[in-house]
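Hi everyone, thanks for making time. Let's look at the structure on the screen together, starting with the overall picture and then picking out one residue.

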Amino acid sequence: MKLGTESYGDFRYIHFTNCIIRNTNRGLGIFIRDGGTAEHIIFSNIQMECTRKPVGWWGSADAMRFVVLKRNPDSRIGAIWNILVKDIYAHVEGTSLIAGYEGIKNISDITLENVHIDMFPETVPDQRAREGFLLRNSERLAFHNVTLTWRDREKPNKWTYPFRLQSVSEVTFNRIKPGQTSPDYTPFCLENSDHITITHSHFETSPPTLYTPKGDLQNIEIESTNQYISR
């Protein structure tokens, strides 16, 4: 289910609900390339199964991709804001991406609530997935009751962090279970970001460090994250 990439106009007040998506290379997509705005969009009560296709197909078997790009150097820069993703159950092979335009935090007010993703190793040679979620150039993001489960970890994969944040602000993680990508995993990689809050979250084992710091970080708050799940 996709809005864009043709986005000279705006997308407003759209609700996708009660859907089953199967045998696809991507679940949910918002692509702004021509200066439009996507706002007040809801995706709710959706089940999906995403698998990698042969080399040359667009999509990476990801649950969602919300991005702002420029179609060409003269294109206007659009925006995505006020998006709710709720009650999602997904079997996927790819990294979900929320990314504003480089240097501009023009994706904002995105909420994920009750989202449960099972990540499986990719079944094609050009493995692309590194993270569960990659968040970039955006602000005011909220993750509530979000679970990542990494399946068949003994099979070849290039997984690193469940969550990677680059140049984001005001991101809240509440009651999440990021899963364990490897025995020595780190749940978060934080890079050049500020006002990140992690509360009441659970981990399969006690990680050696909660996050890997990179670049300039400010106002990182961690509360009640000492509840660990042991196998």
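So, reading along the sequence, the pattern is β-β-β-β-β-β-β-β-β-β-β-β-β-β. That's 0 helices and 14 strands, where helices (H or I, at least four residues) and strands (E, at least two) are DSSP runs numbered from the N terminus.

Before going on: this is a predicted model, where local features need pLDDT of at least 70 and side-chain atom pairs count only at pLDDT 80 or more, while totals for chains, interfaces and linings use all residues. Residues are numbered from 1 along each chain as its sequence is written, and side-chain values use heavy atoms, with hydrogens and water left out.

How big is the span along the principal axes? The C-alpha trace covers about 50 × 40 × 30 Å. Of the 231 residues, 52% are buried, meaning under 20% relative accessible area with a 1.4 Å probe, protein chains only.

You'll find aspartate 34 in the loop between strand 3 (26-32) and strand 4 (37-50). Is aspartate 34 buried or exposed? Buried, because its relative accessible area is 4%.

And what does aspartate 34 touch? Leaving out residues up to four places away in sequence, the list is Thr5, Glu6, Ser7, Tyr8, Arg71 and Arg76, with a contact being heavy atoms within 4.5 Å. With arginine 71, there's a side chain to side chain polar contact at 2.6 Å; that term means a pair of N or O atoms within 3.5 Å, and within protein one must be able to donate a hydrogen and the other to accept it, with residues adjacent in sequence counting only if both atoms are side-chain atoms.

Note on methods. Buried < 20%, exposed > 50% of the residue type's maximum accessible area, 1.4 Å probe, protein only.
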